[in-house]
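A short report is wanted.

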Amino acid sequence: MKRLISTTLASLGLFVAAAGVQADTIRIATEGAYPPFNYVDSNNQLRGMDVDIANALCAKMGAECTLVAQDWDGIIPALLAKKYDAIVASMVVTEERQKKVAFTDRYYSTRLAMAVGKDSKLSDTKPETFKGLVVGAQSSSTQGVYAEDVLAPAGAEIKLYPTPEDAHMDLASGRLDAVVHDKFPLLDWLKDGGKDCCRLLGDIDGTDDQVAIAVRQEDNALRERLNKALAEIIADGTYAEIVKRYFDADIY
């Protein structure tokens with residue numbers, strides 16, 4: 001079921017010539033199930049680095065922004081249906097997605113990694129390692145595409161899940177031999193919920209990607225505004241301050 005959680009991010013006046021003071025409104029979607037980048041806290045509020053970045057961009061643009069949570073599988077279709085104006089949800093830029101949406105400049109970089117059970121004998125992430133094994137990943141994601149396009153032809157059985165947490169639960173319970181996921185949220189899970197059951201197997205070579213904000217292809221003016229605001233929060237130190245809340249390393 002589609003989750004819809006609204007929160008006001010910024011409410012700053014935008015001065016419009018000969019029209020007094022009014023705020024323009026931008027609707028932004030995130031997933032709400034991808035900690036530490038986006039998640040829903042115990043008070044049913046959206047939190048995480050993506051949320052903080054969206055907040056900072058809205059403040060810099062002087063826009064009134066409403067943030068909503070949208071399940072991942074429907075996040076691009078709902079953007080195209082104009083249910084919101086932008087997606088700030090740790091979305092990797094891919095050629096396939098660029099056929100449907102336009103992307104801003106990147107706001108961080110990532111790569112894929114794999115986790116296994118603590119007692120696993122696996123020692124590397126080469127595709128042939130997983131022949132005959134069951135590997136989990138999130139559906140409609142770059143990790144899901146990697147699993148289906150690279151691991152499955154190498155002989156792995158692939159199970160796709162609506163959220164990374166679903167895959168993690170099956171890895172922890174022994175129903176999966178491995179999970180492929182973006183490195184940073186995977187490390188976050190291994191540091192917390194997965195620390196007693198699972199371990200990092202390693203990074204997957206050649207999977208470096210850029211993460212950016214998605215908008216409709218016709219909304220170039222909004223894309224340019226977001227790029228300008230992004231450059232400004234990087235230049236004034238706001239971006240670095242946000243990243244330090246979640247990571248010890250530079251992820252740009």
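## Model and domain

The model is predicted. An unreviewed UniProt entry annotates residues 25-250 as "domain: Solute-binding protein family 3/N-terminal".

## Cysteines

The whole structure holds one disulfide. Its partners are Cys 58 and Cys 65, with an S to S distance of 2.0 Å. The link is left-handed, at -100° about the S-S bond. Both Cys 58 and Cys 65 are buried.

Cys 197 and Cys 198 can be sorted by accessibility. Cys 198 has 4% relative accessibility, so it counts as buried. Cys 197 has a relative accessible area of 21% and is therefore partly exposed, because buried means under 20%.

## Largest pocket

The largest pocket has a volume of about 330 Å³. It is lined by 15 residues. Closest to its centre are Ile 76, Glu 96, Arg 97, Lys 100 and Ser 140.

Helices α2 (75-80), α3 (95-98) and α4 (142-151) each give at least two lining residues. The largest share, four residues, comes from α2. By class, the lining has seven nonpolar, four polar and four charged residues.

## Second largest pocket

The second largest pocket has a volume of about 210 Å³. Its lining includes Pro 36, Phe 184, Leu 187, Asp 188 and Lys 191. Tyr 246, Phe 247, Asp 248, Ala 249, Asp 250 and Ile 251 also line this pocket. The lining has seven nonpolar, no polar and four charged residues.

Technical notes:
Residues are numbered from 1 along each chain as its sequence is written. This is a predicted model: local features need pLDDT of at least 70, side-chain atom pairs count only at pLDDT 80 or more; totals for chains, interfaces and linings use all residues. Side-chain values use heavy atoms; hydrogens and water are left out. A disulfide is a pair of cysteine sulfur atoms within 2.5 Å. Buried means under 20% relative accessible area, exposed over 50%, partly exposed in between (1.4 Å probe, protein chains only). UniProt positions are given in the numbering used here, feature names are shortened, and annotations may be inferred rather than shown by experiment. On a 1 Å grid over the protein atoms alone, a cavity is a set of points where a 1.4 Å probe fits but cannot get out, and a pocket is an open set with protein on both sides within 12 Å along at least five of seven lines; lining residues have an atom within 4 Å of a point. Grid points are joined across faces, edges and corners, and a volume is the space filled by probe spheres set on the points. Ala, Val, Leu, Ile, Met, Phe, Trp, Tyr, Cys and Pro count as nonpolar, Asp, Glu, Lys and Arg as charged, and the others, Gly among them, as polar.
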